[in-house]
Amino acid sequence: MQRKWIFVGSIMMMLAVAIGAFGAHIVKARIDADALAVYETGVKYHMIHAVGLLIIALAAGQWGPSNRLRWAARLLLTGIILFSGSLYVLSLTGIRVLGAITPLGGVCFIAGWVLLAWAAMGLKKEN
């Protein structure tokens with residue numbers, strides 16, 4: 001589990017950096033300030049939650065794999081796709097209906113962090 005999610009988290013970080021650079025150097029000149037702010041919000045949440053994937057992977061290495069950690073990682077990844085992905089497409093195309101997808105990604109983010117906390121609280125204390 002640890003290697004898989006370090007791999008996925010690293011790829012998500014690479015994509016966040018690449019998408020952010022694309023926005024700063026190419027997209028910025030083609031969209032208005034409001035759309036750029038939406039795009040940048042997508043990049044920010046993408047990056048934060050990619051780090052979250054790496055944290056979950058490291059936790060799995062320390063605590064051992066668990067369903068809570070697996071689902072936490074899956075939900076953060078799904079959140080990146082739904083939340084950040086919808087913001088990228090919305091800012092580039094102006095298709096407003098995509099704004100309805102964004103909150104679903106936010107719910108995935110919240111649920112993923114709750115599961116990580118739950119996994120941490122579920123550890124048995126050593127004497």
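A residue counts as buried under 20% relative accessible area, as exposed over 50%, and as partly exposed in between, judged with a 1.4 Å probe and protein chains only. The structure described here is a predicted model, in which local features need pLDDT of at least 70 and side-chain atom pairs count only at pLDDT 80 or more, while totals for chains, interfaces and linings use all residues. Residues are numbered from 1 along each chain as its sequence is written, and side-chain values use heavy atoms, with hydrogens and water left out.

The chain holds 4 helices and 0 strands, helices being DSSP runs of H or I with at least four residues and strands runs of E with at least two, numbered from the N terminus. Read from the N terminus, the order of elements is α-α-α-α. The C-alpha trace spans about 60 × 25 × 20 Å along its principal axes. Of the 127 residues, 36% count as buried.

Helix α1 covers residues 2-25 and includes I11. With a relative accessible area of 32%, I11 is partly exposed. Together with F7, M14 and L15, I11 makes a nonpolar surface patch of about 360 Å². Such a patch joins nonpolar side chains (Val, Leu, Ile, Met, Phe, Trp, Tyr) within 5 Å, or like charges within 9 Å, from residues with over 30% relative accessible area and no salt bridge. A salt bridge is a side-chain nitrogen of Lys or Arg within 4 Å of a carboxyl oxygen of Asp or Glu.

Helix α1 also packs with α3, at an angle of about 15 degrees and with the axes 12 Å apart. α1 is therefore roughly parallel to α3, a term for angles under 35 degrees, whereas those over 145 count as roughly antiparallel. The angles run from 0 to 180 degrees between N-to-C directions, and the axes are lines fitted to C-alpha atoms, for helices over the stretch in contact. The crossing of α1 and α3 is left-handed, meaning that the near helix is turned anticlockwise from the far one by less than a right angle.

Helix α3 (residues 67-93) also meets helix α4 (residues 102-121): their axes come within 7 Å and cross at roughly 160 degrees. α3 and α4 are therefore roughly antiparallel to each other, and their crossing is left-handed.

The loop between α3 and α4 contains L98. L98 is buried, at a relative accessible area of 17%.

Note on methods
Areas by Shrake-Rupley, 256 points an atom, 1.4 Å probe, with all protein chains shown as cover. Parallel < 35°, antiparallel > 145°, perpendicular 65-115°, else oblique.
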